[in-house]
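Biologist: I'd like to learn how to read the pockets of a model. Could you walk me through them?

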Amino acid sequence: MSGRCVIQVINPNTSQAMTATIGAAARAVAAADTEILAVCPQEGAPSIEGHFDEAIAAVGVLQQVKLGREAGVSGHIIACFGDPGLLAARELARAPVIGIAEAAMHTATLLATRFSIVTTLPRTLIIARHLLHQYGFERHCAALHAIDLPVLALEDGSGAAQQKVRQQCLQAKRQDGSGAIVLGCGGMADLARELTRELGIPVIDGVSAAVKMIESLHALGLSTSKHGDLDFPLAKPLSGRFDGFNS
């Protein structure tokens, strides 16, 4: 797989429907010769909506990264807006690892001086604020909004969650003075293009942004630094369900 770009897109929850949505969004923007492998853990949380869910999801992310590394993928995407397990995944991986919140925020700053975030439940706004500070984008974010519906409402087929996302994006454009909007959930990945056309400002899906970043890093021949804190994990015996990481 060294010449061709093969991107592993990891949905950290166990929803097969959301994994399919995320995979389709990734393939829609990928170059013709890029292969997208959309995967999710076999065990864990069906949706990620808090710190507890993220802690569980991080283990599944690391298991998938290990499998992707063994398959020789060109890069890994963590397709949850909390970017669960991102730095640990970078330690474990050889190829680049990008979280969709990180990718979306970086992209927004290239397109506008200020951006807003639209996400799912109000409790996840705190997690998004923590990431803004961690990534250094707190001064670029004008406001955060929640549609006050759970993540899996995006997959229930009613369209109600999608309509609430649209309404919140319109409200953010009117009220925040932002030049761009970041969609704060991997399950919103298929909405960005339509909303960009409707609102007349960039509406950014982190899955799509991360795909193009991985492709660029692959073309440049760049990968995660193994000098310093992102070097491979120290070799030590791991017990129980974590024994698989020793191989």
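Biologist: Let's start with volume: what volume does the largest pocket have?

Modeller: Keep in mind that this is a predicted model. Its largest pocket has a volume of about 400 Å³. The lining consists of 14 residues, and those closest to the centre are Leu92, Pro233, Leu234, Leu238 and Phe245.

Biologist: Which elements give two or more residues to that lining?

Modeller: Two helices do: H2 (51–71) and H3 (86–92). H3 gives the most, with 3 residues.

Biologist: How does the lining of the largest pocket divide by class?

Modeller: A residue counts as nonpolar, polar or charged by its type. Here the lining has 9 nonpolar, 2 polar and 3 charged residues.

Biologist: On to the second largest pocket. What is its volume, and which residues lie nearest its centre?

Modeller: Its volume is about 270 Å³. Of the 15 residues that line this pocket, Val29, Ala192, Arg193, Asp205 and Ser208 lie nearest the centre. Helices H1 (16–29), H4 (100–111), H7 (192–199) and H8 (206–220), together with strand E8 (203–205), each give two or more residues to the lining.

Biologist: And how many of its lining residues are nonpolar, polar and charged?

Modeller: There are 9 nonpolar, 3 polar and 3 charged residues in the lining of the second largest pocket.

Key. Residues numbered from 1 in each chain as written. Predicted model: local features only at pLDDT ≥ 70, side-chain atom pairs only at ≥ 80, totals over all residues. Heavy atoms only, no water. 1 Å grid on protein atoms, 1.4 Å probe; cavity = no way out; pocket = protein on both sides within 12 Å on 5 of 7 lines; lining within 4 Å. Points joined across faces, edges and corners; volume = space filled by probe spheres on them. Helix = DSSP H or I, 4+ residues; strand = E, 2+ residues; numbered from the N terminus.
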